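Welcome to this guided tour. Please have your viewer open and your selection tool ready.

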Amino acid sequence: MRRSMLFLPGNTPNMILSGDCLGADAIILDLEDAVAPDQKDAARVLVRNAIKYLQFPGVEKIIRINSLDTPYWQKDLDEMVPLKPELIMTPKTSCAADVLEFDAYISALEDKLGFERNTVKLLPLIETALGVENAYAIASASKRVAAIFLGAEDLSADLRCKRTKEGKEILYARGRMVMAARAANVDVYDTPFTDVNDDEGIRVDAEFAKGLGFTGKASISPRHVGVINEVFSPTQKDIDYAYEVMEAIRIGKEQGKGAVSLHGKMIDAPIVARAQQTIDMAVALGLGREEA
Amino acid sequence: MSTLKKASCGTMESSDAYMELEPIAAGVQIDLQSVVEHQFGDSIRALAADMLQQEGIDNVSLRIVDRGALECTLRARLETLIARAREAGGANA
Amino acid sequence: MDKVVKTLREAIQLAGVKDGSRISFHHHLRNGDYVLNMVMDEIASMGYKDISVNASSLFDCHLPLADHIRSGVVTELITDYMSGGIGAQISEGILEKPVQFRTHGGRPADIIKGVTPIDVAFIAAPTADTMGNMTGKIGKSACGSLGYAFADAMCAKKVVVITDNLVPHPLAMRSIDETYVDYVVAVDAIGNPAGIVSGTTKITRDPVGLVMAQTAANVIQASGLLKDGFSFQTGAGGATLAAAQFLKGIMLKEGIKGSFGCGGITGYMVDMLNEGCFQSLIDVQCFDLKAVESIRTNPNHTEVSAMHYASPDAKSAAVDSLDVVLLGATEIDTDFNVNVHTNSSGKIMGGSGGHSDTAAGAKLAMIIAPLSRARLPIVTDHVFCKSTPGSTIDVLVTQKGVAVNPARPELAARLKEGGIKVVDIFELKEAAEKLCGMPKPLVKGDRVLADIIYRDGTLLDRIYNVR
């Protein structure tokens, strides 16, 4: 379960060390934008040691490596793949070929390390106009791709538009990303909300993303994590309804009914599927019922 | 054994350490300033001496300003420092 | 008649200061105070020796006191709190006699009982009239409440008021009145306003601090105490203030009307009062400008003496009615004993203040502390010195879970029910040691630097030098 993902700068011990207690489901240890070019070597070693010694129990580790157009990405992968992070985030992914280039390099590393192929999953960061247009191709390029991620800051620069709080300029990109991800049967994560001090704005933005179908949302500030978790968790009402649906289906089956209705509404397959997703998430959050 | 160059690594931020290494004629000199000198000073010096020895380095002066870095951070900074000292062409060659 | 004396020197003479005199000061001017240094410099220049100084707290602005100790002018210190600069000097052993640390409640109790008699109280007053009626609420050096000065005024053999805003008699807005005062001295400035109160007290931005603060607010909610009539005290430390902020959010959302907020008051507590979270504030000390403004203008924001705040000898004190107090700690041991007197290296840099008074009084005494600071675990086997007994501490909130005193199983059960991650304090200790490594323990020397006197007058612990 990844509702929230928190970016942490890869060369800042003070931030990294508390990564497992800031409430985020996943932390993104950043070797890219948060690290100056002359500190890439130091950040790699620091992140590697942090994962090796601290392990961050209960939190997923995602590492954002450097992009294909830099001299750093192979070294990043050399250092990071042996650690088996849950995901490796690849920035500026613009086409399926980009994915395949990372894929091939990682496969070679996995073979060398004696890991099973596809042990290390990818989270392509899509942050160019070309990337958005190729979102489905990227999401379905390799078995390694576990999810895709929208990066709106670089994208709006590429679109030559202003990045706003309301985010109308990225509405198309968001819709396109969700569509592509669901078509490829992978998860999809929304761009961070960048005004760290706007507690109401983050809620509105997260609720909008959830409404579009995003799996979760990233954050650049620990302050946003709580709201994101809340928004992307099912409410007690959602959970109660989901159990009601499953119960109605069970009774319907017992009675041999073809069609089942609840509160006067037909329950069809998509409603059941959604109810099951809600229950799975509730169970993962410790909100599920014993007997179900 | 490659020749060493003067190198530095790390920051003065809380929970980090700043380190400088310089080749000298012979011997290993470790100069440590630490906010946790009393509790961890000896173990930090031993860690640094150990890592230098493992790398076969026996002719350096090492200065560490420790701001309460955990051992995994100290190890990371030392490793980077040694790699940088051995490099000819800059931090990321 | 009036009581105005031309110079401080004259007042010192008239009040009868001599070798061996016991004199006292309050700390409402905090790190901006000029009065203690002013008086001590004068006493030193008059050639007196062997003075006992009883100051409700000492700050780094009082560092000249160290010179008076070295030269034998001052040979005894009685205080409730000492900040790090002056603490470091004491830790070096400059004072022969152990410092007597008391609590904010124990200090006035012992003054009134005559355990620590005062010959002359020197009371800094932001405004005073010619007969000695005084207040902290107005004047260029306004500090708000004068709560810690009441016992000194009432019990000292002689009382000298020192002000930088002398007004004609009678001063209507008075907190301590002329019946106790012998002499009044006007000076140019009693303090540096920048050091007296901060412009604003800032909430922490440290992510770990915010996580702990949110957890603390959740603990209070889960404890069952957060209902109409709720009473609360928090320190001015970053994470405890943030917790107050989160708590306010819960109280406003749920429409809970508390009874009182207590202790050292900040603008955040004033906001809570103004937004209806409390009926009143019980203010022994103001921490920022907003608190000073509020105590001057809002009749529901009331000034109380240190006795009313926390004295164990009072028939009742505000702390006895407290539901929840949020406190900090340098170290806490697995028996929940807390050290707030020294840092992790054993150097003096604090004191009880109201820590052990509120812990004893409150129904729920909570410590907020991170698992470690700068590679030093906060949870230890034994604290270097015991400032507050573990029997009075109910909960430790860290970023990795909440430990409940095993003497409170019903509280642990309630917190678990409320969805709080309750862990064993030994687990927290192990987690901290795993993260930091095992620190080399401090070895106590044989020199006693200070006695920690509990609020009931018993010797709780001693602070030794570190070898």
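Domain bounds on this tour come from an automatic or database domain assignment. What you see is a predicted model, in which local features need pLDDT of at least 70 and side-chain atom pairs count only at pLDDT 80 or more, while totals for chains, interfaces and linings use all residues. Residues are numbered from 1 along each chain as its sequence is written, and chains are lettered from A and ligands numbered from 1 in the order in which they are written.

**Stop 1: chain C as a whole**

Select chain C. Its secondary structure comprises 15 helices and 27 strands (DSSP runs, H or I of at least four residues for helices and E of at least two for strands, numbered from the N terminus). The radius of gyration of chain C is 22 Å, close to the 23 Å that the globule rule gives for 467 residues, so chain C is as compact as a globular protein of that length. That radius is taken over C-alpha atoms, and the globule rule is 2.2 Å times the number of residues to the power 0.38. Along the principal axes, the C-alpha atoms of chain C fill a box of roughly 70 × 55 × 40 Å.

**Stop 2: two domains**

Now colour residues 4-196 of chain C as domain 1 and 207-442 as domain 2. How far apart do the C-alpha centres of these two domains of chain C lie? They are 29 Å apart. Where the domains touch, domain 1 of chain C contributes 32 residues and domain 2 of chain C contributes 31 residues; two residues are in contact if their C-beta atoms, placed from the backbone, lie within 7 Å. On the domain 1 side, pick out α4 (84-91), α5 (106-113) and α6 (150-155) of chain C, each of which supplies at least two residues. Of the elements on that side, α5(C) gives the most, with six residues.

**Stop 3: the largest nonpolar core**

A nonpolar core is a set of buried Ala, Val, Leu, Ile, Met, Phe, Trp, Tyr and Cys residues joined through C-beta atoms within 7 Å. Buried means that 20 or more other C-beta atoms lie within 10 Å of a residue's own, placed from the backbone. Select A:Ile148 and C:Met366, which touch the most other members of the largest core, a set of 260 residues. Helix α8 (residues 207-222) of chain C gives the most to this core, with nine residues. Around C:Met366, look for its contacts, including C:Ala216, C:Val219, C:Leu326 and C:Asp394.

**Last stop: where chains B and C meet**

Show chain B beside chain C: their contact takes 13 residues from chain B and ten residues from chain C. On the chain B side, helix α1 (residues 37-54) of chain B provides the largest share, four residues.

Note on methods
Buried ≥ 20, exposed ≤ 12 C-beta atoms within 10 Å, placed from the backbone. Lists of a residue's contacts leave out its neighbours within four places in sequence.
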